[in-house]
Amino acid sequence: MDRLVYMDNSATTPVKKEVLDAMLPYFSEAYGNPSSIYKLGRESKQALEESREIIAKHLNAKPRELFFTGSGTEADNWAVKGVAYGNRSKGNHIITSKIEHHAILHTCEALEKQGFEVTYLDVDKYGMVNVEDLKKAIKDETILISIMFANNEIGTIQPIKEIGKIAKEKNIYFHTDAVQAMGHLKIDVEELNIDLLSMSGHKLYAPKGTGALYIRTGVKIDTFIDGGAQERRRRAGTENIPGIVGMAKAVEIAYSDLEESNKKLIRLRDSLIKKIQDNIGHTVLNGHPTERLPGNVNISFEFIEGESLLLSLDMVNIAGSSGSACTSGSLDPSHVLMAIGLTHEVAHGSLRLSLGDFNTEEEIDYVVEKLIGIVDRLRMMSPLYEKAKEVK
Ligand code: PLP
């Protein structure tokens, strides 16, 4: 294959042609500052508010409850720190899970240094939070529950509706990091009792550096970025109009044929999993067998180093990831794979292939064919594999 086979769509996605087309005028023709009162500014303002309406509609939220940010990470930071600081007089306890993205985990760790108490819930072997554990962890001082909608590494989708119900009954704010879910799963903040929700543009075919935080009306939350009066005085900084317009267009496209595109993704996903497992021994599928993101495949190959696997795949034009994009570059095994109970060795041999709208069955066959050869070659160099074969 002389073109790149891109299977790292959970790390980022290309900007779709229609998204780019929608954005282009806002770079050079309709470049006004939305805060300016003349026509050019008003045009930008109109694009901003239309984008807000589009995204809010797909969450079943009100436009005034959606605030644009510079990334999913910023939205996560704002949700957790903003609620923590804004509700300090009520309590100092936060509940989250051990498999959250670092945008949540490191934020919680920063808050712990400031006197907040954080409970990090365990997950089961599929990466699922247990709602009974959640109920037990709640205290009088609990002000926030933050549980991700779907995991970026293993794709497991959490029981968001049940968690939202518990939070509502206990009068505790519920935040969900929906960066991996937005544009891939149906999300209704009313039905799911979500009070705060983070999203990011570049996971759904919009540009990097775009994000949003949904904040339910009435939620007490501190401002995170001080400055001008943008975003109803709650998030200062001149709005990234082209990026926001692109994100709204991407959301619109994603939800216009959600069922069809998910059907295709699930077919490709399940085919990839089956073909790998049918052709390569000593593999473990990580994540939930059914409650998982339509495009997520995460498999551990025993007796193999994930980094060597990635480099070998790169040499034959295949892009994947060994865990989360943010952790590759470090030799620590992924915190998510550790939390679901894998040993260091097995976790190190994990490969995430995340499928997107542009992948094909032909690519699946190409990847499987290459994987068979690469895994075989790498295992031949592994003394542990030799030993395992002797035992058998
Ligand atoms: N949360 C999750 C679950 C993610 O997967 C990511 C990105 O990988 C983020 C948050 C951060 O989003 P962004 O890259 O827009 O900062």
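How many aromatic pairs does a search of the whole structure find?

Analyst: A search of the whole structure finds 4 aromatic pairs. Rings of Phe, Tyr and Trp (its six-membered ring) pair if their centres lie within 6.5 Å; planes under 30 degrees apart count as stacked, over 60 as edge-to-face and the rest as tilted. One of the pairs is formed by Y85 and F116, whose centres are 6.3 Å apart and whose planes make an angle of 55°, a tilted arrangement. Y85 belongs to helix α4 and F116 to the loop between α5 (102-113) and β4 (117-121), so this pair ties together parts 31 residues apart in sequence.

The model is predicted: local features need pLDDT of at least 70, side-chain atom pairs count only at pLDDT 80 or more, and totals for chains, interfaces and linings use all residues. Residues are numbered from 1 along each chain as its sequence is written, and side-chain values use heavy atoms, with hydrogens and water left out. Helices (H or I, at least four residues) and strands (E, at least two) are DSSP runs, numbered from the N terminus.

The two partners can also be described by their accessibility. Buried means under 20% relative accessible area, exposed over 50%, and partly exposed in between (1.4 Å probe, protein chains only). Y85, at 29% relative accessibility, is therefore partly exposed, whereas F116 is buried, with a relative accessible area of 4%.

A further pair joins F303 and Y385: the ring centres are 5.4 Å apart and the planes lie at 50°, so this pair is tilted. It links distant parts of the chain, with F303 in the loop between β10 (296-301) and α11 (306-315) and Y385 in helix α15 (residues 383-391), 82 residues apart. F303 is partly exposed at a relative accessible area of 22%, while Y385, at 15%, counts as buried.

Y385 has a charged neighbour as well. The charged end of R379 sits over the ring of Y385, 5.4 Å from its centre; the term requires NZ of Lys or CZ of Arg within 6 Å of the ring centre and within 35 degrees of the ring normal. The ring of Y205 has the charged end of K16 over it, 4.3 Å from the ring centre.

In total, 13 residues surround the ligand, the closest being T73, D177, Q180, S200 and K203; a residue is near a molecule if one of its heavy atoms lies within 4 Å of it.

An N or O atom in the side chain of H202 is 2.8 Å from an oxygen atom of the ligand. The protein covers 89% of the 390 Å² of accessible area that the ligand has on its own, where areas come from the Shrake-Rupley method with a 1.4 Å probe.

Conventions. A polar contact is a pair of N or O atoms within 3.5 Å; within protein, one must be able to donate a hydrogen and the other to accept it, and residues adjacent in sequence count only if both atoms are side-chain atoms.
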